[in-house]
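Hello,

Here is the structure I promised to hand over. Please open it next to this email; my notes follow below.

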Amino acid sequence: MSRASLFIPLTAFVVIVALLYAGFSLNDPHQLPSALIGKPFPTFDLPALSAEGSAAARVTQSDIRGPVLVNVWATWCPTCRAEHAELLRIHDESGLRIIGINYKDNPAQARLWLAQLGNPYEFNVVDADGTLGVDLGVYGAPESFLIDASGTIVYKRVGDVNRRVWQEEIKPHVDVLAKSAAAAGAPHG
Amino acid sequence: MVEPRIATLLLMLALLVVPLRAGAEGAIEAFQFDDATQEARYRALTEEFRCPKCLNTNLAGSDAPIAADLRSTVHRLILEGATDQAIRDFLQARYGDFVLYDPPLRRDTLLLWLAPALLLAVGLAMVVVMVRRRRGIAEPLSEVERAQLDELLRDSPEKDAK
């Protein structure tokens with residue numbers, strides 16, 4: 001056996017360690033990359049969450065024109081409650097519009113939630129049986145989508161939107177959208 | 001003496017198989033189909049896709065609410081007359097490659113698909129090298145070596161005799 005071949009086991013060990021290190025430093029396996037980035041917001045025709053007793057207006061995908069953050073939430077979702085204060089803060093601080101999708105929820109409880117915790121949403125789409133959720137590739141609330149002016153999905157977040165996610169992920173995207181909107185708007189005056 | 005051993009082996013094999021079957025029949029819903037073909041397709045499709053919420057359970061075996069939603073979506077699409085491939089495309093367009101247990105063959109998945117063949121090739125090469133090396137030890141003796149051996153063999157009985 002040559003001297004060099006004595007190092008084969010060590011080399012194999014180092015290679016395996018490197019592969020495992022890379023593999024385990026990948027993102028959380030629960031974070032699926034969204035298949036919908038760059039795609040138009042799916043078509044839908046659903047009722048909006050109305051005030052108690054009043055008739056519900058219908059909303060469609062044409063009502064979702066950005067820049068707007070579409071937030072999938074439900075009263076049965078504890079993480080949504082944790083996230084709610086941050087959504088209110090984002091709306092107050094940056095003026096970013098937020099549209100809610102009330103996902104597989106009870107409308108009466110949803111109204112109560114908004115009355116008690118505050119309402120950052122421009123309006124809420126009532127997705128009672130989760131069909132819009134399936135079209136959006138939602139697999140658990142909360143999820144948030146950033147939509148540009150043409151109604152295209154530019155960013156998706158699975159899990160809560162917190163300060164760090166806002167600062168590091170969503171805000172940069174919003175700034176890019178604002179810049180391109182300014183550039184597009186300038187020639188027309 | 002052999003029979004108990006075989007019985008133990010069979011029991012171990014049975015234990016390996018049982019949990020898989022139990023997992024596959026975790027969720028039961030009463031869906032109506034027009035015919036048995038549709039029902040068979042529904043079963044095959046829900047076994048084929050991975051539940052997006054769970055790391056390693058298929059749609060048929062998962063109790064997650066999203067898996068129930070996707071089962072009813074598959075049911076609806078079948079009744080609407082969608083082909084199996086159309087249903088695959090529908091789910092992949094929304095949930096990505098994650099829901100497919102067989103990743104599609106693309107440039108970025110090429111290594112994934114070729115890795116088993118590459119590893120097999122490396123393994124075979126190692127076997128070939130080892131066999132060659134071992135055969136090298138048992139190489140036929142050269143003329144000189146044969147003469148030496150004969151001499152030794154001729155000598156030894158005399159030594160023993162002494």
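Start at Lys104(A). Lys104(A) counts as buried, because it has 21 C-beta neighbours inside 10 Å. The cut-offs are these: a residue is buried if 20 or more other C-beta atoms lie within 10 Å of its own, exposed if 12 or fewer, and partly exposed in between, with C-beta atoms placed from the backbone. Lys104(A) sits in the loop between β4 and α3 (107–117) of chain A. Its phi is near 45 degrees, a positive value in a residue other than glycine. Most residues other than glycine have a negative phi, and most peptide bonds are trans.

A word on the source. This is a predicted model: local features need pLDDT of at least 70, side-chain atom pairs count only at pLDDT 80 or more, and totals for chains, interfaces and linings use all residues. Residues are numbered from 1 along each chain as its sequence is written, while chains are lettered from A and ligands numbered from 1 in the order in which they are written.

Now the peptide bonds. The one from Ala141(A) to Pro142(A) is cis, with omega near -5 degrees. Pro142(A) is in the loop between α4 (131–135) and β6 (143–147) of chain A.

Next, the overall build. Chain A has five helices and seven strands. Helices (H or I, at least four residues) and strands (E, at least two) are DSSP runs, numbered from the N terminus. Along the sequence, the pattern in chain A is α-β-β-β-α-β-α-β-α-β-β-α. The radius of gyration of chain A is 22 Å, well over the 16 Å that the globule rule gives for 189 residues, so chain A is more spread out than a compact globule. That radius is taken over C-alpha atoms, and the globule rule is 2.2 Å times the number of residues to the power 0.38. The C-alpha trace of chain A spans about 85 × 45 × 30 Å along its principal axes. Buried residues make up 32% of the 189 residues in chain A.

Then the sheet. Five strands of chain A form an open sheet in the order β5-β4-β3-β6-β7, with mixed pairing. β5 (124–127) and β7 (153–158) of chain A stand at the edges with a single partner strand each, so one side of each has no neighbour in the sheet. Two strands pair if DSSP finds at least two bridges between them. Strand β3 (residues 68–73) of chain A and β4(A) pair in the parallel sense over six bridges. Asn71(A) has Gly100(A) in β4(A) as its bridge partner. On to β4 (residues 97–103) of chain A and β5(A): they run parallel, joined by four bridges. There, Asn102(A) is partnered by Val126(A) of β5(A).

Which helix is hardly covered? It is α1(A), where the count of buried residues among its 17 residues is zero. Elsewhere, Arg164(A) lies in helix α5 (residues 163–185) of chain A. Arg164(A) counts as exposed, because it has 9 C-beta neighbours inside 10 Å.

Last, the two chains. 12 residues of chain A are in contact (C-beta atoms, placed from the backbone, within 7 Å) with 13 residues of chain B.

Best wishes

Conventions: Contact = placed C-beta atoms within 7 Å.
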